[in-house]
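Subject: Structure for your review

Dear colleague,

Please find below the structure that I am handing over to you. My notes on what was found in it follow directly after.

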Amino acid sequence: MAAIGQIVEPTTASAALSRAQARAALIPDCMVEARRLANTVIAGWHGRRKRGIGENFWQFRPYVDGESLSRIDWRRSARDDHTYVRDREWEAAHTIWIWADLSPSMMYKSTFGTVSKESRALVLMLALAEILARSGERIGCPGIMEPIAARNAAERLAAALMHSNGASGLPDTRMIRGHSDIVLIGDFLDPADDVMERLGPLARRGLRGHVVEIADPAEELFPYVGRTEFTDPETGQKLTAGRAETLKEDYARAYHARRAGLADSLRHLGWSFVTHRTDHLASEALVAMHMYLSGMPAKKPEVRP
Amino acid sequence: MSGFAFAFPAVLTALILLPAIWWLLRLTPPKPLVEAFPPFAILASVMKREETPAQSPWWLTLLRMLMAAAIIFAIADPVFNPRANTLSGDGPLVLVVDNSWASASDWQRRVDTATALIDDAESRNVPVSLVFTADRQQDAVPTDPETARTRLAAAASRPLPADRTITVTALRTALDGTAPGTLAYLSDGIASGETDETLAELQTLAPGELRFIEGDGLGAVAITGASNEAEALAVTVTRLRTGEARTLPLTAHDARGRPIAAGTVSFSAGEAVARGTIAAPFELRNDFAQVTVDGIANTGATHLLDDGFRRRRVAFLSGETADVSQPLLSPLHYINRALAPYADLIQPGVADLSVAIPELLNQNPSVLIMADIGRLPEDSYAPLERWIEGGGMLIRFAGPRLAAAPADDPLVPVMLRKGERALGGALSWSEPQPLADYPPNSPFFGMQKPEGILIKRQVLAEPTPDLAERTWANLADGTPLVTTNAMGSGRIVLFHVSAETGWSNLPLSGDFVEMLRRSVQLARGGGVAANSDAQSQGLPPYRLLTAVGTLSADTGDARPLKQATGEPRPADFDNPPGLYGSEDGYVAHNLFPRGYQIRPIAPADAATVVRESLIGEAPWSLKPELFALAALLLLADCAIVLFMGGAFAAAVRRRPQRSAAAALVLAIGAAALMFDPGAARADDAKPGDDALFSRLDTTHLAYVVTGEGEVDRISERGLAGLTEFLTYRTTLEPGEPVGVDIASDELSVYPIIYWPISASAPMPSNAAISRIDAYMRNGGTVLFDTRDQFVGLGENSATSPNTERLQAILANLDIPPLEPVPTDHVLTKSFYLLSNFPGRYSGSPLWIEAELDRQEDPTRPARAGDGVSPIMITGNDFAGAWAIDASGMAMLPTVPPDEVQRDHAFRSGVNIMMYMLTGNYKADQVHIPALLERLGQ
């Protein structure tokens, strides 16, 4: 009987890029809802659907006392008895940091999943970069790439990933400045306290985080039966279960408790949390992230059994 | 003689390796499946204790140890029943083999035993004297072992008891004083006759060693009798081994060997004879042809039944003239009604008794019933007595004539007093007497106590010492009512009352039926020949029993069976058990007569006799079984290892629905393959079915294609116009109009066919007209339209060519009388209220079948089916008025040009269609007010 799960080779960034672009083509442009736009003063070239500094006309509004007279639009005001001010649409860019966990535990694929977790994480990361870059956001990857605002941000991110020597569990967050968004993609299988210990300081620095937990169906469903020896891909530890099916319920309880704890802690930080299984479509997670990033909290995705 | 030994005991030393195997097995557990598992930390926190992978479960180890041990033992080759040659080599081996009926069940073991002895004799190089005790010719001359083996192979058990006196004589002659070395007697253990001194006789031959070899004797069970009792068939069974209690199943078979009833017989411990019963309805017992003991296949355990179990043939005689006009006064009427369900009844064709009695006896009745006959013709007594002595049963009923008969009648069972005794009545103190309980010796015993039967008059028996035991039924005061007496093989029964209701109400009761039935049942079946010529010749063998209890047509050297009137004889060489006679009637000749008891053979002086049992099976090796066991254990081990590896659980868990669905699909597929309905059904499709089916779901208006293009076009457009009008105005939505060729198309799917008559069109053939005739007869309607209302204007001729053509057509049709539509006809009110039926023209009446009175005339075939006229004739050219073109405009003008008339033409068409489809329904609606009033609305 063949093993259910297997350790896979790391996905090349170029392959992931092509798949990511295919995914991204399905998703509309993502306007990052900038709640803290006052703090990101870099002008971008896409409108914010708000009045502010920009070039495009947004609205006429009645003049209120105290405003500069020079802002009065006399051409409009001449048409009736009121005086109007011409507002322009606020145009600004936002910095999004995207990071994917490429540690050995991600190099896992079971017979239930379609791709490995690492592959899915890369696809999500690059697809997100593609979508955001289309909207003119500044894309960065902590430890790998400084934020850039370019149409080909996804390609450049893929190139940077190719040149980085890869796997480290913890993102190097020193290069993150100011208030920006960070998207963390990984399996987050470490104890929830450890994870929060790493993410807590980021939140305290004012970063707005979005966490995507990628899980393989085998990890969630525990379909193992019979005498099974489990090995840890990170540490190489071994553990033998006489009848693995007896562990299923306990394991599922612990697994979901960890996930619930993590989600709870992240909610306290004000961060969003999305779970994604590799047997589902990558677009699902992408759409969910899209929703969160554009300020429309998506309905909490139902965890399929 | 049974034993146990190893062929290669040295191999058993390998057993000391088992502990080493144990140690090795414990060290190698089943290999686990290695799984990489990223959430390892979570799993580790969940697992309470770590599996110790160093050991496999003890029972798995034990299983493997057993497997190893089984293989070692199998190689060591254990053998059961090793034999040793202990034959005395001093003289010839004398083998006395009982090949009687009782040896059939274990004959092969006897042959094996004898073969082993012959083999021993061959190795000792001594001659063999082989003799079979149930053979007619017994040859005891010593021969070489090879010849003896051939004779043994040719021998078979016989369906006969052993005759050992011949054996001893033959042995004496053959041995001629030579003392045999070993005398082995393979006995069936059954004594022939009361005592059997065979062993003692054999000892007088002075053998060096006398071995008495017998089987377990469990097969020595014989049915010695079967008698038909009131409720069940009683079967007497005897057995040889009387030690323990034993219950044997019995089965009754019919003439074709099918089991039709079952029963049991139970021997209690120490009992050699037991009675069992096979309970079955009387009618079923008629069909019994043989009774067998289940599981014991030999001649003794098979008991043949003959016609004694068939329906009896009962002949009637009455003293009085048969008065068929008053049957309730005739005694034969009651007997007839009582016995008809149970017996075949025959009556004489003539009233003259001297002719009637020989005539009846020639038909071989089982029972002769004489109701109230006092004196018989003098020359009738002798044949009648001979018939009774040959087994016939005479049942007589009393009556005035018998009461008046002289007392020296030989054909009554008891001496009768002259005259009858009257109970009750004006001149008697006594009351009419009920019946007493039936005495135990009576065949009526066991019937319910008769209730409500009162005897008013009877004939009285002279008291004799044996009167009580000849009595089957008594009155409450003790006087006998039914008496009997055996006469030869037959019997005379006398009912002391008459068979009609004059003397008692007994013939009216159910007891009468039951008493007669039981009495008749006692008679022997199959008829008794009146003359004894056939008996003196004997009955030829018809079917003989084989040793294993089956019937065979091979009669061999059996002689015809002489039926003795006395004690039945056991079967012998001349008359082996079987059926004697012919297909029409036969007598069963069984192995043992009734009451026979089989006894064990007398034990001889125990000191000189070596008792042995038959050898069991030949020495047989356990090797294959042990290897099979090891293989099974290996399979079990594989299954367990797979199970522990989770193979089955995974398969079951992962694809339960899919596998179940696949199994279902497979099962359905197999069933479909087996019962393919399409293959079983004949292909009954006919050409034109498609067109027919397309006409069936929708009503279509139809017209006759005359062959003239203009006429047909107007017809088609006219019906199309009517169809549109109907669809618009009514719930009837007909399909497209259909032109029919009356010579070939199927007409029955159309309610009405419009036939425009055209004199210039070709005349339809007679066959086509007969099809129209059949169509009308089956409920269809033809609307003939001559379209000539005004054609004749200005001409002198009274009839137009179209009318002449119509007359020519109708001349070949069988049409009812016609009349113009009466004003109260349902046609005038079936949808619209109409007074006339105009078409393009107005004025021609619409002719329909005349409503005659209710009297139906069977000679008129074209009757109105369902009250609808089968024919309508008009001259108003309906189709012309209805005809519309593609845009819905009328094609032809009405005459005179009046759109109201066209509308009335359409209304006429609607009324006609409604009349066609609803029949008299509208006419019946005139009753609705009355019905509503009755319902209280």
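In this predicted model, strand 30 (residues 702-704) of chain B runs parallel to strand 32 of chain B, and two bridges pair them. Within this pairing, B:Ala702 is placed opposite B:Ile753 of strand 32. Strand 32 of chain B also pairs with strand 33 (residues 781-785) of chain B; these two are parallel as well, and five bridges join them. Here B:Ile752 has B:Thr781 of strand 33 opposite to it.

Is strand 32 of chain B mostly covered or mostly open? Strand 32, which spans residues 752-756, is mostly covered, with five of its five residues buried. Side chains in a regular strand alternate between the two faces of the sheet. In strand 32 of chain B, B:Ile752, B:Tyr754 and B:Pro756 point one way, while B:Ile753 and B:Trp755 point the other way. The residues of both groups are buried.

B:Met393 lies in strand 18 (residues 393-397) of chain B. Why does B:Met393 count as buried? A residue is called buried if 20 or more other C-beta atoms lie within 10 Å of its own; B:Met393 has 27 C-beta neighbours inside 10 Å and therefore counts as buried. Apart from neighbours within four places in sequence, the contacts of B:Met393 include B:Ser366 and B:Val367, as well as B:Gly490, B:Arg491 and B:Val493. B:Leu522 and B:Ala523 are also in contact with B:Met393. Along the chain, B:Met393 and B:Met487 are 94 residues apart, yet their C-alpha atoms are separated by 9.0 Å.

I turn next to the place where the two chains meet. The contact draws on 35 residues of chain A and 27 residues of chain B. On the side of chain B that touches chain A, the elements giving two or more residues are strand 2 (33-36), helix 2 (40-46) and helix 16 (647-654) of chain B. Which of the elements provides the largest share of that side? Helix 2 of chain B does, with seven residues. Sorted by class, the side of chain B that touches chain A contains 20 nonpolar, three polar and four charged residues.

Chain A itself contains eight helices and 13 strands. Of its 305 residues, 42% are buried. Among the contacts in chain A with a separation of 6 or more, 75% are between residues 24 or more positions apart.

The average pLDDT of chain A is 77, and 80% of the residues score at least 70. Confidence in chain A is highest in helix 2 (residues 74-77) of chain A, with a mean of 90, and lowest in strand 2 (residues 47-51) of chain A, with a mean of 62. The pLDDT is below 50 over residues 33-44 of chain A, a stretch that has 24 contacts in the model beyond near neighbours in sequence. Over residues 301-305 of chain A the pLDDT is likewise below 50, and that stretch has five such contacts.

Yours sincerely

Terms used:
Residues are numbered from 1 along each chain as its sequence is written. Chains are lettered from A and ligands numbered from 1 in the order in which they are written. pLDDT is the predictor's confidence in each residue, from 0 to 100. Helices (H or I, at least four residues) and strands (E, at least two) are DSSP runs, numbered from the N terminus. Two residues are in contact if their C-beta atoms, placed from the backbone, lie within 7 Å. Ala, Val, Leu, Ile, Met, Phe, Trp, Tyr, Cys and Pro count as nonpolar, Asp, Glu, Lys and Arg as charged, and the others, Gly among them, as polar. A residue is buried if 20 or more other C-beta atoms lie within 10 Å of its own, exposed if 12 or fewer, and partly exposed in between; C-beta atoms are placed from the backbone. Two strands pair if DSSP finds at least two bridges between them.
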